[in-house]
Amino acid sequence: MPPLITGSSPLVRIGEEDQLPDQATRRRFFELMGASTALITGAGCTRPPTEFLMPYVQPPEKTLPGVPKYYATAAVVNGLAQGVIAETHLGRPTKIEGNPRHPASLGATGVLSQASVLDLYDPDRSKVVIYREQASSWDAFISAFQQLLAPVRATHGRGLRLLTETVISPSTGAQIADVLAALPEARWHQYDPAGPHSARAGSLAAFGRYLNTYYRLDRARVILSLDSDFLACGPASTRYAHDFALRRRVRGSNTAMNRLYAVESHMTATGGKADHRAALRYSEFPQFAADLAAALGAGGAAPAGSKYAAWVGPLARDLDAHRGASAIIPGEHQSPSVHALCHALNTSLGNAGSTVAYTEPLEVRSEDQIASLRELVSDMESGAVSLLLILGGNPVYNAPADLDFAGALRRVPMSIKLGLHADETSRLTHWHLPETHFYEDWGDARAYDGTVTILQPLILPLYESHSPVEVLDLLLRAPNRTSREILRAYWRGHAASGGGAAPENDGEFESWWRKSVGDGLIAGSALPEVTPAQAKAPEVPHTDSTVRSGLELVFRPDPYIYDGRYANNAWLQELPKPISKLTWDNAVHMNPRTAARLHLENQQVVELKYGGRSVRGPVWISPGDADDTITVSLGYGRTDAGVIGNGAGFDVYCVRASDALWCVAGVEIATAGASHRLAATQTEKSMHDRPLVISKPVALYESDPDFVSRIRPEPLLDETLYPQWTYTGYNWGMAIDLTACVNCNACVIACQAENNIPVVGKAEVLSHRDMHWLRVDVYYTGNPDNPSALYAPIPCMHCEQAPCEEVCPVQATVHSSDGLNDMIYNRCVGTRYCSNNCPYKVRRFNWKLYADWYTEQLKMQKNPDVTVRSRGVMEKCTYCVQRIREAEIHSQDEDRYIRDGEIQTACQQACPTQAIRFGDMNNSANQVARLKREKLNYSMLAELNTRPHTTYLAELRNPNPALLEHS
Amino acid sequence: MTQPKPYGMVAEFEDADSLLAAARAARASGYRRVEAYSPYPIRELDEVIPSWDLLSPMVFASGVAGGFIGFYMQYFIAAIVYPTNTRGMPLNSWPAFTVITFEMVVLFSVCAVFFAALLFEGLPQLYHPLFRIPTFKRVSDDGFFLCIEARDGRFEPAQAARFLQSLDPLKVWEVDSE
Amino acid sequence: MRVDERQRETARPLRAGEEGQAAVVAPGVTFKNLTGQITAIPLQPHVPAFWIACFGAATVALCVMAAAIAILLDVGVGTMGNNIPVAWAFPIANYVWWIEIAVGGSLLSSILHLFNQSWRNSINRLAEGVTLSGIACAGLFPLLHLGRVWIFYWTLPYPNTLTIQPQFRSPLVWDVFGIFTYALASILFWYLDMIPDLASMRDRATARLPYLVYGILALGWRGASRHWRIHEKAGILLAGLLTPLVFTVHTVVSFDFAIALVPGWHSTIFPPYFVDGAILAGISMVTMMAIALRAKFDLKNIITERHLNNLAKVMLTTSVILCYIYVFEPFTSWYSGDPYEMYTVHNRAAGPFAWTYWAFVLLGLGGPQLLWWSRNRTNPKRLFLIAFLVVVGMWEERYMLMVTSLGRDFMPSAWANYAATAEDNALLYGSIGLFLTVFFFLWRTLPMISIYEVRQLLPLSKPGGGTVK
Amino acid sequence: MPEPFHPLANTIFKLVLLGAGAGLVAVLWIAYLVARSPWEMLQQVPREQPVAFSHKHHVGGLGLDCRYCHVSVEVSSFADIPPTAICMNCHSQMWAVAPEVEPVRASYRTGRSIQWTKVYELPEYVYFDHSIHIHKGVGCTTCHGQVDDMPLTWQSPRLTMSWCLDCHRHPDRYVRPRSEVFSVTYKTPPDQSTLGKQLVREYQIRSLTSCSTCHR
C-alpha cells in the first residue's frame, strides 16, 4: 500500500548524513536498534509500531492517493534537454522515463537523465544563502545586492561581470541580453570545461562561422567514428544509439545492417561495438583524417604512402560507395582540425543535409570560451572586475590550471555564486546562493536539434532557492517576478528562433502553453537546417607521427560524472564505467604494452608531470588503448562536492592547460610508491571460450541462419525428469537483442531508480557486493592488442527450472503462476544458497543495512510500489513485478487482457536501442514471442536446462570483407 | 511402631565368579526374586537371572512411526498446505523427501531407545533401599552384591540370611524398604 | 603370588595374532585404582595447571568469539568477507570442518562399538566429548551465517499464521533435520552410556553437592544385572542407529554442495569423499586430544601406544582413500567433458587460491603418509604433530572447496576473489576456543574415560579372571 | 560421606521431570495461541483517534455511502482517508460549533492535517489494492466488518496471511454481486455455495496465491 506522506515537514535536514554505510554514526545507532528490535520481535511478538495517516486538508486537483501522476518536462543534462516523463507519487518525483515525443529521447533515457532525480534529492544540496561562510538569507542578500548594484548601475555596469556555463536556454539568454542592454558596460563570459570547444573552432575553420552539427544515423549505412563515443556519451547519444540500432535489426531474412568503423585513442563503448576498430594516438588523428580526405578527394593531396593505407583504402571505398548515406563523426575532444576535416569529408560525401544536419548554434552566443575566460581572469587580476556574478559552473575547480582562476577570484571585491551545491567556487566567493533544481522550477531548454521543452516543476523547491533567471531579474528591476512569469513573458514576447513561435492572442497562447507544457516540447521548435557550402579542409602539417615520441595525456569527460558536476550523485558514482567497469574512481588508463614498457601494474599510483604541474593517480590497464597514450577522465578529486563526491578519484584539472584542453604530449610519468585499490565490478573480461555472448558476422547468418542452434543447442522440452508445468494465463519473458546493446548502462541506472536499489560505497564494491540487479557484462574479443568488446545485459533469467528455488530452505524464492521467479524478501532468512546455485550470479545480498532508511530526502525518491529491503535478505531482478501487477490490476479493472507492450520493464523503457523486449510469451503475436522465434535466439547456459525466460538474440556484426583480408 | 517392611537380604561378594556362583545357587534353591549387582556387565548373569523388555519392538515401532510422520509431514506441507512450483519439480518430490524421512526414523528410534531403556531399567530412581548399605558404593567400583528380595514368595529373613551366609560372602545385610 | 599372576595376565595379548603389540590396558590396572584414577579427574579439588592453562586460553578465545558475534549481529553478515559470487566461505568451511571432527568422534564411539572393537573402550568417551564439542561449534556457524539469524526457526516446520513452511527439497532443510537428529542422538548416546560411570562418580563423591549432582545425573543406577542387560542392548541399538546416521549426516552435509550445480561441487563422489575426509579429520582431532590428555593426566596406562597405533592406522587408511579421490578428480572432470568442471580442477591447482589446494595436499594428504613409518604412529609427539597438520589441512580443503568453486563458476564476468576479514578469523579461532572450552569443561566435570568399559578390558573381569581364595 | 537421597526424592524428581516437559509444551502452546490471538493481532480493539469519529453514526445512522469519504476506493490501491475539506462539506453547517468537531475545524483553519491512527496496518512488504477487490466483488464489510456498528473503528479480521489466503484460495465463499459491494446490510445468502461459484465465473476471479501477488 503506498504510504501517504507522513510527518509535517519532510524537508528538514538532520545533520550530515552519509550514503556510505560504514561511516555515519547515527546510522550505526539505528542499525543496532534495528538488530535488537528484530531480535526481540523474532521471539514471537510481531506487532508493528503504530502508524498514522495524514490526509490532505484540501486535496489537490485530480490527485488520487496511490495513483502516480506523470508530468512531461526535460532533464537538462550538461545544458541540453532530454525530454522526459516524470512519475510522481503524491507530489514526489520518483522516476524519470523518456518522452516518446521528444527527439532526444523517443521514449528512452540516458544515464544522466535517469540519475537526475537523485540530484534533486541530494542531501548535500545547498539549502541556505551563505555570506562569508555564515548562513544568511535571501532577504539579506537582496538588500545587500541592491546596495552593490547602485554604483554599478551608475556606471552602466562597468565592473560587473557575469560568468555562466554555456547558455542554451532561450529565456535565460534573453534575460542576459536584457541585462547587457540595460548595463552596456557589463560583460558576459561563458565557460564549460568539457564543452564543444573543438567543434566550435572546427566549424569556424571549415565554414567560417559557428554551426551546430548533429547526425541522422537512421539514414547512415556506413559510420566512421573518429574518437567519438557517440553511442554512449553526449547529449544526443540516446537518439544516436536508437538510430544506429534501427539499421542493425536483423530479423528473419532481412539482413541489412549498417557498418560502424571506430578509430579511437581510448576504448569506449562505441569502439567496442564497432565492426572495425583501430587504436590511434590522439596526435595521429589529423593525419588519418587528412589521408582519408585525400583518398576521397575531399581536399589535400594523398601522401605517397599513407601509414594508414591498409585502413584508409577499404574505408574510403566503403564511404565512397555510400555517398549521402554515410557519416563521419569526430570526437568532441578531438582537435579543431579533425572537426574541420570531418566537415570537409561529410560535405564532399554529400552527407550534409542527409545524414549530417547543420543548424545555427544552439547556444545563445557562440564564442571561444577559453579566450573569454582568459580575458575575464586577466580583468579580475587587474582589478577591472568589481562585481562578479557566477551563475552555475564551478570554475575554481575546473578552470584551466594555467589561468589560476582561484587566485584571480580572491582579488575580486565582491563575488556571488549561484549553484546547486556550495562547491569549491562557493568557498571563495563572498555570497553563495542556492539554486533550484530543474525539476523544482520553471524554465526552458533546447535539445541537440534545437527543440525547446518548457520545464515544469514537479515539486515545490525543497529549500529556499531560486533560478538564474530570477537572480538576473534582480539586475533589471525589483525582485517580484518568478521563473514562471519570466518564462511566460519571454515566450509571449519572443517567437522561438527557428519556428515554434508562440501565438500573440491570449486565449491561443494559453492553449499553446498548455499543449507545449503537456507535450514536453514546443512543436516545431527544432532549429531549421542550414546548408553550408563545401567545407574547407585545413592543411594538416605532414609529420611522420612515428617520429613524435613521448607519452600523450588525453583528457576526457567522465561518461557519468562528466566534468565533475555529477560527482555527488551516488548512483552515477557506483555505476560501472562502460568498458573498465570501474566505480567510485577515475584512473590513469594505458594499454598493456605501454604499461609493460613503463613497468607499471594495475592500481599502482603514478605521478603525471607536465608543465611544472603534476597529479597522482592509479594505473588501470585498458586493452584497446593506443600505444603511449594515457587517458584520464575529468570530474574527480572534488573537495566540496558533498559526502559522495569528496575524495573520490583524483583531480586532473590541475594539469590541464588552457592551450591544451584535451591532449598534451610529452608528459612525464613516475611511480609514486603506494598502490590504490580500484573498485571494478567485473574483473574477468575473457570469456574463456565459453559460448556465453555469441557474436558472429552477418555473412555467416546469411549463409547459415541456423548457426546459433549449433553453437548453443537448446535442450528438448522432454529432456527432464520433472513434469511439465504449464502456464495457462500469462507467461512473462524477455528477449534481449545483443546486436542492439551499445553498453550505455541506462538500463542499469533505470533499474536502480525503479527498484529502490541501494548504493553500497566503494569499500563494498571492492568486496564484490555491488547491488545492481542488472549488469552489463563486457568481454574482450579478437586480437588482444586491438580487441573488440561484447556486451550483454544480464538480468535475472527467470528460469523455468530455477536452480535457486530448489535450494531455498524457506520458500523465499518460488515460481509464480505466470512464470516469474519470485523473490520474497520478507520470507528470506539469508542463507545465500540461492546465489551459489544461480549459474548467472544475478542475485544480490544485503550484507549490511545498505538501504538508506533515515535520510528524509532520499526517502522521498523511493518507489512506493517496491519494498525497501532490509539487512540480511537476498534480492534480484523481478522483471519489475510491481509494474506487472499494476498492469494486471488495471486490465482486470477494465475486464480485458494486458496488451502487448503495456508493461515495460524499467530497463526496457530506458533502453535507447530497444534491445530489451518484455511481454507475455504465451501470445505468439507478441513482440517477445516473435523475437524468441528468431533463429538468432538462444538461452545462456542452455545446457544446464534451466530454461531461462530471458533469452538473447545473438549479436551480428557487419565487418568489411576488404578490411578483414588486410587484418 | 510397626516393624519396617523388609526389602530383602543382601550379600556382598569378593568377585564376579563368586557372585555368579551365588546367584546360581540362589536360583537353584528356588528363589525367584533375585537380583545381582556388579560394577560391569556379566553376561552369564543374564541366563541365571532372566528378565524381559520390549526395547526392540518399541524402537522398531517408533522408527516406523517416525518414517511415516516424516514423509507425510513433507508431503503434506509441499503438496497440500501451500503447493508451490519450485524449480518445476513435482509437488510430491519424494526422492528429495527420503533424506528427512530417514532422519526422522532415526530421531524417533533414538528417542525410543533412550526412553525405553530408562523405562525398563526403572530409572530414574534416585533413592533405593540398597543405597543404605554402607559398602554398596563399591557396586560402581569393585563390589559384587546379590539380593534376595522380600517380594519373593519364599522369602523369609532368617532363612535367606542363613542361605546367603552359606555362599561365602564378605558380608550379609538385611535391608528395609523404607 | 596372586597379584603378580594377575599382572602377568593383564599384559597378555588380547587375541592371537597380535603378538608384539602394546596392550590395550597397561599392566597394573585394577578395578580400584582404575575407578579412582578416572573419577579423580573431575573430583579432585586440586586443579592441574595444564587444565587451567588450556581452559583459560580457550575461554579467552571464546570471549573473542562472543565479541565477534556481537559485532556480527549489530552490523550484519557483511562484517565477514563473503561476497557475490563467494556467498559461502569461512563460516561454512568452519561448519563442515567441525562436523567432520564430530563425525570422526562418532565413528569411534558407535561404528567401532557395532563392530565390537573393544580397544576403543578406553577412548570412546573422549571421542564422544570431541563429537559434542564439535557439534556445538558446527551448529553455531550455519546460524551465524544467516542474514537474519533471528528468524532461523523458519527452517523448521511449525504451525504458523503464514501457512508457509520449510521447503523440503532444499539440502539445507535436510541439514537442519540431520544435524538436529545427530546432535540429539549423540547427546542421548553419550549420556546413556555414561550413566554407570556417573554412578561411580556419585559413589566416590565425598561432598554433598557433587553427590547430589552426580546422584541426579546417575538417575539411581545400581548396576543390577537387569540394568546392565538393558544398558548393553540399548548401547548396541544406539550404535546401530548412529552408524547410518553418522554416514548420512555427513552425506547430507556433502549434499549441500553436491546438489548445487556449482562446478567442483556437483559430483556424485561427494558423499563418500566427505565421509572419508570426516573420518580423517575427526580421528586426527581425537588423536590430538588423547595424546595431550594422556600425557598431562597420566593416563598412559589406559590410553596406550596400542590406541595411538590404531588411530594412526585409521588416519592412514582414510588418507589413502582421499588420495585416490584427488588423483581421480582430474580424470573424472576430463571424462565428463564439462568445460566448467575441467576449468574448476585447473583453477584449484593453478588459480588464485592454488595455495589452499597445495596446502591441503601437503598437509591433509601428505601429512598422513608419514604414518607409514611405525615410529611415527607410536611416538606421541610425532603423531600429535601429524594429526595437527591433518586437522589444519582438512580445514584448508574445506576452504578451498568454497573459494575455488564459487569464485569462478559459469560466468567469468561474475568471477571474484574472496578475502577473509578479521571477523572471519575471530569466528574461526573463537570456535576453536568454544570447542576447547566445552571439551575441557566436560573433561573436568564428567568421567571422560568410560570406566565400566575399561573394567571389561581388565582380565579380572573375564570369567575365572578373578579367582579368589 | 554424604547422606543418600531421601525416599521422597524419587517422586519429587519424576514430578520435576514431568513438570519440565509439560512446561516446555505449555510455553510453546501458549506462544502459539498468543501469536494468533486477537490481542496480538489488535483485532477488535477500538483505536483512539484525534476526532471521535463514529462510523456507527455516519454509516449506520446517516446512511452515508462508503465512497462519499473513501473516494478513491474503486480506482486506486488506496481507499483514501477523507481530506478535511470533505468533512467540512457537512460540518461547516452541521455541528458547526460542537467541541467534538473542533479538531476538524482547526485542521481546516490551519491547513494542518488531522493525524488519524491507522487501524488496518499491513507490513510495508504487503501490497494490497482496494480497486481490484472491489471490482471482483469483495464487499467492504467482508474485511472491514460491520462498520455501521462501530462507534470507534476497529480491525475486524485477524489480518494474518492465512486469513488473506483463505479468501484467495476460496473466493467463492466470500464474493458477492458487484451491486452489493458497498452495502453494509448485505448478508451472505444461504445459496452462497452456488452463487459464489457463479460469480467467480462471471467476474473471472482467479485464485491468486503466487507470492508476488502481494509481496514485491
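**Reading backbone and interface features**

Tutor: Leu941(A) is buried, with a relative accessible area of 0% (buried means under 20%, with a 1.4 Å probe and protein chains only). This is a predicted model, in which local features need pLDDT of at least 70, side-chain atom pairs count only at pLDDT 80 or more, and totals for chains, interfaces and linings use all residues. Residues are numbered from 1 along each chain as its sequence is written, chains are lettered from A in the order in which they are written, and side-chain values use heavy atoms, without hydrogens and water.

Student: What is the phi of Leu941(A) near?

Tutor: Most residues other than glycine have a negative phi. For Leu941(A), phi is positive, near 50°. Asn78(A) also has a positive phi, near 50°.

Student: Which peptide bonds are cis?

Tutor: Most peptide bonds are trans. The bond from Leu123(B) to Pro124(B) is cis, with omega near -5°. Another cis bond joins Ile84(C) and Pro85(C), where omega is about 20°.

Student: How many residues does each chain bring to the contact of chain D and chain B?

Tutor: Chain D brings 14 residues and chain B eight, where contact means heavy atoms within 4.5 Å.

Student: And what area is buried between chain D and chain B?

Tutor: Interface size is often given as the accessible area lost when the parts come together. Here the buried area (1.4 Å probe, summed over both parts) is about 1,100 Å², and carbon and sulfur atoms give 67% of that. Phe5(D), Pro7(D) and Asn10(D) supply 38% of the area that chain D buries against chain B, more than any other three residues.

Key
Buried means under 20% relative accessible area, exposed over 50%, partly exposed in between (1.4 Å probe, protein chains only). Buried area is the accessible area (1.4 Å probe) that two parts lose on being put together, summed over both.
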